[in-house]
Amino acid sequence: MRTRAQWLALAAFAAALIAFPWFASPRLVAVANLMFITAIVVVGLQITTGYAGQINLGQAAFMGVGAYGTSVMEVKFGLPFWVAVPMGGLIAASVGWAFGLTASRIKGFYLALTTIAAQFLFVFVVLNLPSSWLGGVNGFSLQPARMGGIVFDTDRALYLLFLVAAAVMVAGAFGILRSRHGRAFEAVRDDDVAAGMMGIDVAGTKARAFVLGAFYAGIGGGLWAYQIRFVSVDQFTLFNSIWFIAMMIVGGIGSIVGALIGTVVIRAVQETITSVGPDLIERFPALGSDVVFASMNVFLGLVITGFLLLEPKGLMHRWNIFKATYRLWPFPH
């Protein structure tokens, strides 16, 4: 049960989020939009990997499937965005189910290779199907999202839309993980043999974990399509999948809030580096843009490595330790 102070703090935080686009610069609003989309994708990855223990290195591919599915629903069938985005999520979930079936037979390194294959299969399919189907190398262009007479064609309008979508998806994730499905995920993650002996459908549980993770990625991909209003395969690479995993690790594996924290931290560092890079090139032109931006990626990689070595349980674990210490203070025990 939450205390009155906690409810007031939560209400104040929600009010600050709603008021943010009216006080922040357009660039910060655009960054916040990207954070909302990424948070939905990482929360889905957290369900698959953090709670169910299934390695997934193809989350960006599922995000791309959702983006393309949403685009097809809007461009080819003329569906409104509030139907096209869930349909894109369902299409991604169906692809996730196909890969989830393999998780019941293989695990570990071999499962990781299978999910990497999803990344390359996604690119191969999109580029080799007739261009009239998925746009081929030219991609898709979308119209702004509409709801009745409201057109979401500005970053501020999209911010409110993405905020609501992220809140709904995060609340749904908490609901799923508190249900019997969430308990089954954790049981399979801890010991799938023991979970099977307890009567849990291990194969079905692993498949559901991939379905849910892919559905969240598909929803994020659909929102991304309306944010950029253009979709192409080079937006969903293996490099993106690795960064999604990095966000989960930094925030804390096995924590929905950790997924949100990791997303904010990594995205904030990436945007800071993107802003600092041109200044460094201007001050030290001898370095060149390639060296500067490559060094930025190396720096981000060192940050991830540092967390794996020094704080493998992520920032959420450190926050939980702080809360426990605060509650016990000043008693040493």
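The model is predicted, so local features are given only at pLDDT of at least 70 and side-chain atom pairs only at pLDDT 80 or more, while totals for chains, interfaces and linings use all residues. Residues are numbered from 1 along each chain as its sequence is written, and side-chain values use heavy atoms, with hydrogens and water left out. Helices (H or I, at least four residues) and strands (E, at least two) are DSSP runs, numbered from the N terminus. The structure holds four salt bridges, and the count of aromatic pairs comes to ten.

**Helix packing**

- Two packed helices are described by the angle between their axes and the distance between the axes. Axes are lines fitted to C-alpha atoms, for helices over the stretch in contact, and angles run from 0 to 180 degrees between N-to-C directions.
- Helix H2 (residues 26–51) packs against helix H8 (residues 180–190) at an angle of about 45 degrees, and their axes are 8 Å apart. This makes H2 oblique to H8; angles under 35 degrees count as roughly parallel, over 145 as roughly antiparallel, 65 to 115 as roughly perpendicular and the rest as oblique.
- On the H2 side, Ile47, Gly50 and Tyr51 meet Phe185, Glu186 and Arg189 of H8. Contact here means heavy atoms within 4.5 Å.
- Sorted by class, the contact of H2 with H8 has three nonpolar, one polar and two charged residues. Ala, Val, Leu, Ile, Met, Phe, Trp, Tyr, Cys and Pro count as nonpolar, Asp, Glu, Lys and Arg as charged, and the others, Gly among them, as polar.
- H2 also packs against helix H11 (residues 238–251), at an angle of about 75 degrees and with the axes 9 Å apart. H2 and H11 are therefore roughly perpendicular to each other.
- In that contact, Thr38, Val41, Val42, Leu45, Gln46, Thr49 and Gly50 of H2 meet Phe244, Ile245, Met247 and Met248 of H11. The contact of H2 with H11 has seven nonpolar, four polar and no charged residues.

**Aromatic pairs**

- Rings of Phe, Tyr and Trp (its six-membered ring) pair if their centres lie within 6.5 Å; planes under 30 degrees apart count as stacked, over 60 as edge-to-face and the rest as tilted. By this rule there are ten aromatic pairs.
- The ring centres of Phe62 and Phe99 are 6.1 Å apart and the planes stand at 70 degrees, so this pair is edge-to-face. Phe62 lies in helix H3 (residues 59–75) and Phe99 in helix H4 (residues 81–103), so the pair ties together parts that are 37 residues apart in sequence.
- Both Phe62 and Phe99 are buried; buried means under 20% relative accessible area, exposed over 50%, and partly exposed in between (1.4 Å probe, protein chains only).
- Phe215 and Tyr216 have ring centres 6.3 Å apart and planes at 80 degrees, so they too form an edge-to-face pair. Phe215 is partly exposed, with a relative accessible area of 21%, whereas Tyr216 is buried at 3%.
- One aromatic cluster is formed by Tyr68, Phe122, Phe140 and Phe236.

**Salt bridges**

- A salt bridge is a side-chain nitrogen of Lys or Arg within 4 Å of a carboxyl oxygen of Asp or Glu.
- Arg189 forms a salt bridge with Asp190, and the closest N and O atoms are 3.2 Å apart. Arg189 is partly exposed at 32% relative accessibility, while Asp190 is exposed at 59%.
- Asp192 and Lys206 form a salt bridge whose closest N and O atoms are 3.4 Å apart. Asp192 lies in helix H9 (residues 192–197) and Lys206 in helix H10 (residues 202–228), so the pair ties together parts that are 14 residues apart in sequence.
- Asp192 is buried, with a relative accessible area of 17%, and Lys206 is buried, with 4%.
- Glu311 and Arg318 meet in a salt bridge at 2.7 Å, N to O. Glu311 is buried at 13% relative accessible area, whereas Arg318 is partly exposed at 45%.

**Single residues**

- Val193 belongs to helix H9 and is exposed, at 55% relative accessibility. Val193 and Gly258 are 65 residues apart in sequence and 28 Å apart in space, C-alpha to C-alpha.
- Arg229 is not a glycine, yet it has a positive phi of about 65 degrees. Arg229 is placed in the loop between H10 and strand S4 (230–231) and is partly exposed, with a relative accessible area of 32%.
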